[in-house]
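Dear colleague,

I am passing on a structure that you have not worked with before. Please open it alongside this message, which then sets out what was found in it.

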Amino acid sequence: MLRTQTLIWTMASLLGFLNPMKSTAQDWPNLEKYRETNAALPAPAADEDRVVFMGNSITEGWSGANPDFFNENPYVNRGISGQTTPQMVLRFRQDVIDLKPKIVVILAGTNDIAGNTGPMTLAQIRDNILSMVQLAKANGISPIVCSVLPAYDYPWRPGKEPNIKIPELNGLIKEMAAQEEIMYLDYFSAMADDRNGLPKELTTDEVHLTKAGYAVMEKLVQEAILTTLSKK
């Protein structure tokens, strides 16, 4: 029996070696998630102020918490749960540029601090967000770059000290936005408690939001969108 198992394992290993693409290929940035939806989305009308929201689970969950926010506005949700900034850079052309919005709202970075796709420095996170900003500007899209939301700790990866690192990252993002002369949307100051975390009424687990949490964001982002449109 042991010899048979060893033979099976050896054959499987050889097949993987002979056909490595079959054994290792993966859609790391999750380009498939919105591929069909993007193809079905019509081009914006001449008078449409389309806005794409690029982000992670906080953005993706927004449509579930308040679908009317997207259904009643020319807003397109392109959040993917768990994603980090390098994954977003890879799908930015497909999920933002090709949709031809006037504005992109970029909310990213907390999963990088959590280490979801491996170690990342705060400068590397900032630089990935900068890459998205530069891609947007090169294609006539106005970026709104958001602060990372408060988080006292990550329930899926405790001990990463996001309550310390997020304010530091937000300082880098704010500085970058000033240098690029784009809108910086400060969610953090409006939502943080005295621990640099989220108050209980705004969160379900110290990271993800209640409907009340999204209501705070909606007011702020609507104001930022109106201000940005007035400058186009």
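The largest nonpolar core has 34 residues, and of these Phe92, Val104, Ile106 and Ile129 touch the most other members; such a core is a set of buried Ala, Val, Leu, Ile, Met, Phe, Trp, Tyr and Cys residues joined through side-chain atoms within 4.5 Å. Two or more residues of this core come from each of β1 (51-55), α6 (85-95), β3 (103-107), α7 (110-114), α8 (122-138) and α9 (162-180), and α8 gives the largest share, seven residues. Apart from this core lies another, of 24 residues, which includes Phe53, Trp62, Leu149 and Leu209.

Please bear in mind that this is a predicted model, in which local features need pLDDT of at least 70 and side-chain atom pairs count only at pLDDT 80 or more, whereas totals for chains, interfaces and linings use all residues. Residues are numbered from 1 along each chain as its sequence is written, and side-chain values use heavy atoms, with hydrogens and water left out.

The chain holds 11 helices and five strands, taken as DSSP runs (helices H or I, at least four residues; strands E, at least two) and numbered from the N terminus. Of its 232 residues, 44% count as buried, that is, under 20% relative accessible area, with exposed meaning over 50% and partly exposed in between (1.4 Å probe, protein chains only).

Helix α8 has 17 residues and spans 24 Å from its first C-alpha to its last, close to the 24 Å expected at 1.5 Å a residue, where the expected span is 1.5 Å times one less than the number of residues. Its buried residues, among them Leu122, Ile125 and Ile129, pack against β1, α6, β3, α7, β4 (142-146) and α9. Leaving out residues up to four places away in sequence, Ile129 touches Thr85, Ile106, Ala108, Val145, Ile173 and Met176, a contact being heavy atoms within 4.5 Å.

In helix α6 you will find Val89, which is partly exposed, with a relative accessible area of 24%. Beyond its neighbours within four places in sequence, Val89 is in contact with Asn128, Ser131 and Met132.

As to confidence, the mean pLDDT of the chain is 92, and 90% of its residues reach 70 or more; pLDDT is the predictor's confidence in each residue, from 0 to 100. Over residues 1-23, however, the pLDDT is below 50, and this stretch has two contacts in the model beyond near neighbours in sequence. Where pLDDT is low, the predicted coordinates should not be read in detail.

With best wishes
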